[in-house]
Amino acid sequence: MAKAPLYVRIERELRTRLAQARPGDALPAESVLAEEFGVARMTMRAALNALEADGLIERIQGRGTFVRQPPAPRAAGTLMSFQDQVRNWGRTPSSRLVEAEVRAASAAEAAALRLTAAAPRVVSIARVRMADGTPLAVEYACFPAHLTALLDADLEGGSLRRVLHDLGLRPTLGSSTLTAQPAGPDGERLHVPAAEPLLVETRLIVDQHSAPLEYTVSRYVGSRYALQVTFDVQPPQTGAPS
């Protein structure tokens, strides 16, 4: 029987090592592994590419290669604060502020928040949301312009949900739409290639008076985040082909 290609044999050896590693553990650099196995970097890259394609490792630009964390699930029918989500996973939440300002509203933002002024404005807060230092999403949140108190909050270590509660506002009901889009300029913030598809959740949340409170577009790295959906199965319509 012919021997498997060299990169396949290296891949098998690395799979054995990965089975004993923990999610998030760092792998040696490609050059270090190539030297250890006595092969060219191209051969080592082929082995790592196969492991990455199978979801066993993750390469993060500027940081290195890691044993992949299973995508963190969130029940699609429930929305809690990002910090509470991440802590429930047993991980440490953090944020990096990208933008915090009052600016002109886009047409989509004005329509979602039902802004009727001739030149509507919004409080805009954009943050990179992270778990254990790994970027999960870039979150673009907009609020009615009178909520400028949000800009005085701790936007990297604190929770906007808590600030809203302190202002007497209770986020009560929301709806969202899911799409997929390339990372584009957010790729650099998320440490992924610009062409990588992201899971994009566009959601609107209303307060206890059914008034629009928050319009947010969250752009998630699909390999690091997952939505868990529970649904009813409808019977086929009478007379319709199954």
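Is aspartate 132 buried, exposed or partly exposed, and what is its relative accessible area? With a relative accessible area of 39%, aspartate 132 is partly exposed (buried means under 20% relative accessible area, exposed over 50%, and partly exposed in between, with a 1.4 Å probe and protein chains only). The model is a predicted one, so local features need pLDDT of at least 70 and side-chain atom pairs count only at pLDDT 80 or more, while totals for chains, interfaces and linings use all residues. Residues are numbered from 1 along each chain as its sequence is written, and side-chain values use heavy atoms, with hydrogens and water left out.

Aspartate 132 sits in the loop between β5 (121-131) and β6 (134-144); helices (H or I, at least four residues) and strands (E, at least two) are DSSP runs, numbered from the N terminus. Its backbone is worth a look too. Most residues other than glycine have a negative phi. Aspartate 132, however, is a residue other than glycine with a positive phi, near 50°. Histidine 191 is another non-glycine with a positive phi, about 60° in this case, and its place is in the loop between α7 (186-190) and β8 (197-206). A glycine with a positive phi, near 70°, turns up at position 38, following α2.

That brings the account to helix α2 itself. The buried residues of α2 (residues 30-37) are Glu30, Leu33 and Ala34. Looking down the axis of α2, these buried residues fall within an arc of 100°, so they line one face of the helix (the arc is that of the directions from the helix axis to the C-beta atoms). An α-helix has 3.6 residues a turn, so residues three or four places apart point the same way. The buried residues of α2 pack against α1 (6-19), α3 (41-53) and β1 (57-60). Glutamate 30 is one of them: it counts as buried because its relative accessibility is 16%. Setting aside neighbours within four places in sequence, glutamate 30 is in contact with Arg41, Met44, Arg45, Leu48 and Arg59, where contact means heavy atoms within 4.5 Å.

Next come the helix pairs. The axes of α1 and α2 come within 12 Å and cross at roughly 115°; axes are lines fitted to C-alpha atoms, for helices over the stretch in contact, and angles run from 0 to 180 degrees between N-to-C directions. α1 and α2 are therefore roughly perpendicular to each other (angles under 35 degrees count as roughly parallel, over 145 as roughly antiparallel, 65 to 115 as roughly perpendicular and the rest as oblique). Their crossing is right-handed, a term for the near helix being turned clockwise from the far one by less than a right angle, with anticlockwise giving left-handed. On the α1 side the contact involves Ile10, Glu13, Leu14 and Arg17, which meet Leu33, Glu36 and Phe37 in α2. By class, the residues of this contact are four nonpolar, no polar and three charged (Ala, Val, Leu, Ile, Met, Phe, Trp, Tyr, Cys and Pro count as nonpolar, Asp, Glu, Lys and Arg as charged, and the others, Gly among them, as polar).

For α1 and α3, the axes are 8 Å apart and the packing angle is about 50°. That makes α1 oblique to α3. The crossing of α1 and α3 is right-handed. From α1, the residues Leu6, Tyr7, Ile10, Glu11, Leu14, Arg15 and Leu18 meet Thr43, Met44, Ala46, Ala47, Leu48, Ala50 and Leu51 in α3. The residues of this contact divide into 11 nonpolar, one polar and two charged.

The α2 and α3 axes, in turn, come within 9 Å and cross at roughly 110°. That makes α2 roughly perpendicular to α3. Here Glu30, Ser31, Leu33, Ala34 and Phe37 of α2 meet Arg41, Met44, Arg45 and Leu48 of α3, and the contact has five nonpolar, one polar and three charged residues.

Two strand residues round out the picture. Alanine 137, in strand β6, counts as buried at 1% relative accessibility. Although 80 residues separate alanine 137 and valine 217 in sequence, they are 10.0 Å apart in space, C-alpha to C-alpha. Leucine 97, in strand β4 (residues 93-104), counts as partly exposed at 34% relative accessibility. Beyond its neighbours within four places in sequence, leucine 97 is in contact with Ile125, Ala126, Arg127, Leu155 and Glu156.
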